[in-house]
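Trainee: Could we go through this structure slowly, and could you show me what lies behind each label that is used for it?

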Amino acid sequence: FGVSVAVDGTRLLVGAEGGVHGSTPAGAAYLFEYQTDTWVEVQKLVSSDGGVFDGFGYGVVLDDDMAVVAAIRNDENGSDAGAAYVFRNDGKTFVQEAKLLSSNAAAGDYFGQGLDAEGNRIAVGSTEDDSFASDGGAVYIFEWDGSSWVETQRLSDDDPQAGAVFGWDVLVKGDQVIVGAPFDTVDDFWGVGSIQVFAFDGSTWGHSETVYAADNN
């Protein structure tokens, strides 16, 4: 309990990746609301298809009436391929709306390692994804089309490298997505790390900048 936290207004969501779903340690997320000077637990979120050690709750996001929860060891597309679950408040409780999976899913991808959402957009990091380089990582963008969540683009490092784990953390802010790649290599220094910035031009996401620490060694 507390492996991940998110807050939005008077709501607080706390991930417990080893939480019990029925009798299965699939993971859970606990929703609290601030009432009369204290936080009160109002709901326990669980996945519709929780499996043993799915890691549901490893990452959590709150955005208005939407909650997104990562289950990085979900096995639907292979052992530890990962998944992310979207919940929507129906006026009384949060109800599961969708289960997100990557279009290029494979065992060991850890889809959901990085997670963020804003409005009708969700970004999910898949750190061990091999789409661009072995364990190089990728980030999947999903958009709400009015009736369902649709994967619209797969982002990669501007210079994909094996083991960079691009997608370790992600941030969505307006028409920008910012992605961490903590084992990115610079000037032959392995694992220096970088931040990759992407901008949306109205139709596609393009890489706009790579950011390093000033003393990147």
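Mentor: Let us start with Asp 37, which is found in the loop between strand 3 and strand 4 (38-45), where strands are DSSP runs of E of at least two residues and helices are runs of H or I of at least four residues, numbered from the N terminus. Before going on, note that this is a predicted model, in which local features need pLDDT of at least 70 and side-chain atom pairs count only at pLDDT 80 or more, while totals for chains, interfaces and linings use all residues. Residues are numbered from 1 along each chain as its sequence is written, and side-chain values use heavy atoms, with hydrogens and water left out.

Trainee: Why is Asp 37 called exposed?

Mentor: Buried means under 20% relative accessible area, exposed means over 50%, and partly exposed lies in between, with a 1.4 Å probe and protein chains only. Asp 37 has 66% relative accessibility, and therefore counts as exposed.

Trainee: What makes the phi of Asp 37 worth a remark?

Mentor: Most residues other than glycine have a negative phi. Asp 37 is not a glycine, yet its phi is positive, near 70°. Asp 135 is also not a glycine and has a positive phi of about 55°; it is found in the loop between strand 10 and strand 11.

Trainee: How do you know whether Asp 135 is buried, partly exposed or exposed?

Mentor: The relative accessibility of Asp 135 is 30%, so it counts as partly exposed.

Trainee: Which label does Glu 17 receive, and why?

Mentor: Glu 17 has a relative accessibility of 22% and therefore counts as partly exposed. Glu 17 is found in the loop between strand 2 (11-16) and strand 3 (28-35).

Trainee: What makes the link between Glu 17 and Arg 73 a polar contact?

Mentor: A polar contact is a pair of N or O atoms within 3.5 Å; within protein, one must be able to donate a hydrogen and the other to accept it, and residues adjacent in sequence count only if both atoms are side-chain atoms. The side chains of Glu 17 and Arg 73 are joined by such a contact at 2.5 Å. If we leave out residues up to four places away in sequence, Glu 17 also touches others, including Val 3, Phe 56 and Tyr 58, where contact means heavy atoms within 4.5 Å.

Trainee: How do you know that strand 1 and strand 2 are paired?

Mentor: Two strands pair if DSSP finds at least two bridges between them. Strand 1 (residues 4-8) and strand 2 are joined by 5 bridges and run antiparallel, so they meet the rule. Val 5 stands opposite Val 14 in strand 2, and the hairpin of these strands has 2 residues between them, with Gly 9 taking a positive phi near 65°.

Trainee: Why is the pair of Phe 56 and Tyr 85 called edge-to-face?

Mentor: Rings of Phe, Tyr and Trp (its six-membered ring) pair if their centres lie within 6.5 Å; planes under 30 degrees apart count as stacked, over 60 as edge-to-face and the rest as tilted. For Phe 56 and Tyr 85 the centres are 5.5 Å apart and the planes stand at 70°, so the pair is edge-to-face. Phe 56 is buried, because its relative accessible area is 1%, and Tyr 85 is buried as well, because its relative accessibility is 0%.

Trainee: What makes the pair of Trp 144 and Trp 149 tilted?

Mentor: The centres of Trp 144 and Trp 149 are 5.5 Å apart, and the angle between the planes is 55°, so the pair counts as tilted. Trp 144 is partly exposed, because its relative accessibility is 23%, whereas Trp 149, at 10%, counts as buried.

Trainee: Which residues touch the most other members of the largest nonpolar core?

Mentor: A nonpolar core is a set of buried Ala, Val, Leu, Ile, Met, Phe, Trp, Tyr and Cys residues joined through side-chain atoms within 4.5 Å. The largest one has 18 residues, and those touching the most other members are Val 68, Leu 100, Leu 115, Ile 122, Phe 142 and Trp 149. Another core, of 15 residues, lies apart from it and has Val 60 and Phe 87 among its members.
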